[in-house]
Amino acid sequence: MKTPQDLEIKPRPVSIDFPADTPRFWYADSPFISHFFDAFSTTLPVGEDLFIFSLRQVREQIADPELQKQISAFIGQEAFHSREHAKYNQLMKRWGYDIDAMDRSMNRMTGRLRRFLRPMQALAVTISCEHLTSILSAALLRGEFMTQADPHVKALWQWHSVEEIEHKAVAWDVYATLDGAYRTRVVWMTFAIALISFRISTRMVHMLRHDGLLWRGSMWREGMRFLFGRGGLCAVLRRDFLDFYRRDFHPWQQDTRELTEKWKAHYADGNLLLPAERSAA
Ligand SMILES: [Fe+2]
Ligand SMILES: [Fe+2]
């Protein structure tokens, strides 16, 4: 299966106001799970800029006008994601986490990547990260790890997930059009996983230390269940993740349109909160 002909990739300039009393442990009162997503969020504004950069570097080599249109939509969506995550990250800054230092270190790292990676290597990093975000997005839209979330934070992640799914094959199709090699994408997937794991774990440690919870055993037990337990993150994502290593893989072989259609139907009036959540919020 290839990218559907009638696929709509629509940048939605949403703006989420996070109330000042948004709970710090916004997922089921769980510091570990909340901070897992928080730490991921801290990497996104700068990370998504790198994905945009990697596509801009090569887009003049793309002749197909439809793919050109999709690249523009991809850039539009990622720019809005950066903006909203930066807003959420500012909320975390008010909670006392050193978001500025995190941004500085992300900027240093992506600056090096921009300088040293060849364009196809940078694109391979992007398709690897896009695969990881799209399989996580599908899980979040199925309701995994979101059922007990604060409605505003959930709105951020689910809106982001919908758009990650819509544009999941854009960088992939560019990479394929430019004859990107299988080996290159596999090598840079390993790099992407190492990088993301390192960034998320060190930022979680910073947040948990700041909360005074770093040495609490029950928090770690719950965290290990979330990551490695039955029904946990690795178990949920494993199959979709491994598809990446098939030589003939294409992101739309995982048909996730039903998930995004469901979200669009719920939020047709543009309000990102479900009706029940609106009255509670
Ligand atoms: Fe994004
Ligand atoms: Fe993306």
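Eleven it is: the secondary structure of the protein chain comes to 11 helices and zero strands. Helices here are DSSP runs of H or I with at least four residues, strands are E runs of at least two, and both are numbered from the N terminus. From the N terminus on, the order reads α-α-α-α-α-α-α-α-α-α-α.

A word on the source. This is a predicted model, where local features need pLDDT of at least 70, side-chain atom pairs count only at pLDDT 80 or more, and totals for chains, interfaces and linings use all residues. Residues are numbered from 1 along each chain as its sequence is written, and chains are lettered from A and ligands numbered from 1 in the order in which they are written.

Overall dimensions next. The C-alpha trace spans about 50 × 40 × 35 Å along its principal axes.

Burial: 35% of the 281 residues count as buried. The cut-offs are 20 or more other C-beta atoms within 10 Å for buried, 12 or fewer for exposed, and partly exposed in between, with C-beta atoms placed from the backbone.

Contacts: among those with a separation of 6 or more, 84% join residues 24 or more positions apart. A contact means C-beta atoms, placed from the backbone, within 7 Å.

Now the packing of α1. Two packed helices are described by the angle between their axes and the distance between the axes. Axes are lines fitted to C-alpha atoms, for helices over the stretch in contact, and angles run from 0 to 180 degrees between N-to-C directions.

Take α1, residues 31–58, and α4, residues 119–141. Their axes come within 9 Å and cross at roughly 135°. That makes α1 oblique to α4. Under 35 degrees is roughly parallel, over 145 roughly antiparallel, 65 to 115 roughly perpendicular, the rest oblique. On the α1 side the contact includes Gly 47 and Phe 51; on the α4 side, Val 125 and Cys 129 are among the residues.

Then α8, residues 217–228. Its axis and that of α1 come within 8 Å and cross at roughly 55°. This pair is therefore oblique. Pro 31, Phe 32 and Ile 33 in α1 meet Met 219, Glu 222, Gly 223 and Phe 226 in α8.

Last, Thr 190, in helix α7, residues 182–211. Buried or exposed? Thr 190 has 10 C-beta neighbours inside 10 Å, so Thr 190 counts as exposed. Its C-alpha is 9.3 Å from that of Val 125, 65 residues apart along the chain.

Definitions and conventions
Contact = placed C-beta atoms within 7 Å.
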